[in-house]
Amino acid sequence: MRIVTWNINSVRLRLPLLQRLVEDLDPDVVLLQETKVQDPQFPLKDIAKLGLTHSAIRGMKSYNGVAILSKHPLTDPDGHDWVGRDDARHVLATLPNGVEIHSLYVPAGGDEPDPAVNDKFRHKLDFVSEMTDWFPRARDPKAPILLAGDLNIAPLESDVWSHKQLLKVVSHTPVETEGLARAQEAFGWIDAMRAHTPAPERLYTWWSYRAKDWRAADRGRRLDHVWLSPGLEGTLRAMRVIEDARGWEKPSDHAPVVVDLDL
DNA sequence: ATGGTCGGTTGCCGA
């Protein structure tokens, strides 16, 4: 089974790029983040033409928004609002093979990495903390669960272009990377991208729009992740970051990540 | 040290 996750940064603007991605990769399931559209306006009919006829979506006006798009039927769609905000950052659904899929968009956290003065950073830390507690309470790690999306944290030194220069930059500060490590440990999540491509090999999924030549500068960060529950241990067959998609016409600033699981 | 670019029921805000 092939699963793709992508922060698309507006699903309506980039529908042609989604079409190209689906034609190129023929995925069973696509997870999206930053769809930036309310549910009634989500382009489900166009996406069904690509063969992704089943969906679980949670959107809002202008900001955030997550989706699960699938060739196969989806049951028990749901979503959670951590930190008590109804802001469309999480959706989940179950595939016919029993695998539960979660699409997640963690708050970016603003510019100032100090929760005392920056409410966006406080929100990010609280969101990760509540999510950390939720999974062991609500789910059995032995169950087959995949969690993927834009976690907005690059945890390892080789997940960023310069560990030293980014230590005080939101996405790579110790309080964030330690929080993400706790979330991973609390449920026993397997970091599928790093299981396939171990550190210290360079592995990025995001390059700023502000660089004049993103490919040459290669100042990337691994903000997008695919996590597997212990119940899915041993199923990972392949993983690839579709870096070329960052160079397509009118690109998202995130590249898609594809995993193949033996299910 | 600074400013750089995107998207959205836009003229700022969030990323």
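In which loop is Thr-235 found? Thr-235 is located in the loop between S12 and strand S13 (236-241), where helices (H or I, at least four residues) and strands (E, at least two) are DSSP runs numbered from the N terminus. The model is a predicted one, in which local features need pLDDT of at least 70 and side-chain atom pairs count only at pLDDT 80 or more, while totals for chains, interfaces and linings use all residues. Residues are numbered from 1 along each chain as its sequence is written, chains are lettered from A and ligands numbered from 1 in the order in which they are written, and side-chain values use heavy atoms, with hydrogens and water left out.

- Thr-235 is buried, with a relative accessible area of 11%; buried means under 20% relative accessible area, exposed over 50%, and partly exposed in between (1.4 Å probe, protein chains only).
- Not counting residues up to four places away in sequence, Thr-235 touches Leu-228, Asp-260, Leu-261, Asp-262 and Leu-263; contact means heavy atoms within 4.5 Å.
- The largest nonpolar core has 31 residues, and Ile-68 and Leu-146 have the most contacts inside it. Such a core is a set of buried Ala, Val, Leu, Ile, Met, Phe, Trp, Tyr and Cys residues joined through side-chain atoms within 4.5 Å.
- A second, separate core of 23 residues includes Val-4, Leu-17, Val-30 and Val-258.
- Leu-146 touches residues including Ile-3, Leu-31, His-102, Trp-227 and Val-259, where residues up to four places away in sequence are not counted.

- The buried residues of H5 include Glu-176, Gly-179, Leu-180, Ala-183 and Phe-187.
- Seen down the axis of H5, its buried residues fall within an arc of 160°, so they line one face of the helix. The arc is that of the directions from the helix axis to the C-beta atoms.
- An α-helix has 3.6 residues a turn, so residues three or four places apart point the same way.
- The axes of H3 and H5 come within 8 Å and cross at roughly 10°, which makes H3 roughly parallel to H5. Axes are lines fitted to C-alpha atoms, for helices over the stretch in contact, with angles from 0 to 180 degrees between N-to-C directions; angles under 35 degrees count as roughly parallel, over 145 as roughly antiparallel, 65 to 115 as roughly perpendicular and the rest as oblique.
- Among the buried residues of H3 are Phe-121, Leu-125, Val-128 and Phe-135, and their cover includes strand S7 (100-105), S8, H5 and S12.

**Helix H1**

- In helix H1 (residues 15-25), Leu-15, Leu-17, Leu-18, Leu-21, Val-22 and Leu-25 are buried. These buried residues fall within an arc of 160° when seen down the axis of H1, so they line one face of the helix.
- Pro-16, Glu-23 and Asp-24 are exposed on the other side of H1.

**Backbone features**

- Ala-199 and Pro-200 are joined by a cis peptide bond with omega of about 10°; Pro-200 lies in the loop between helix H6 (192-196) and strand S10 (206-207).
- Lys-36 has a positive phi near 55° although the residue is not glycine, and Lys-36 is partly exposed, with a relative accessible area of 26%.
- Asp-76, in strand S5 (residues 75-78), has a positive phi near 50° and counts as exposed at 56% relative accessibility.
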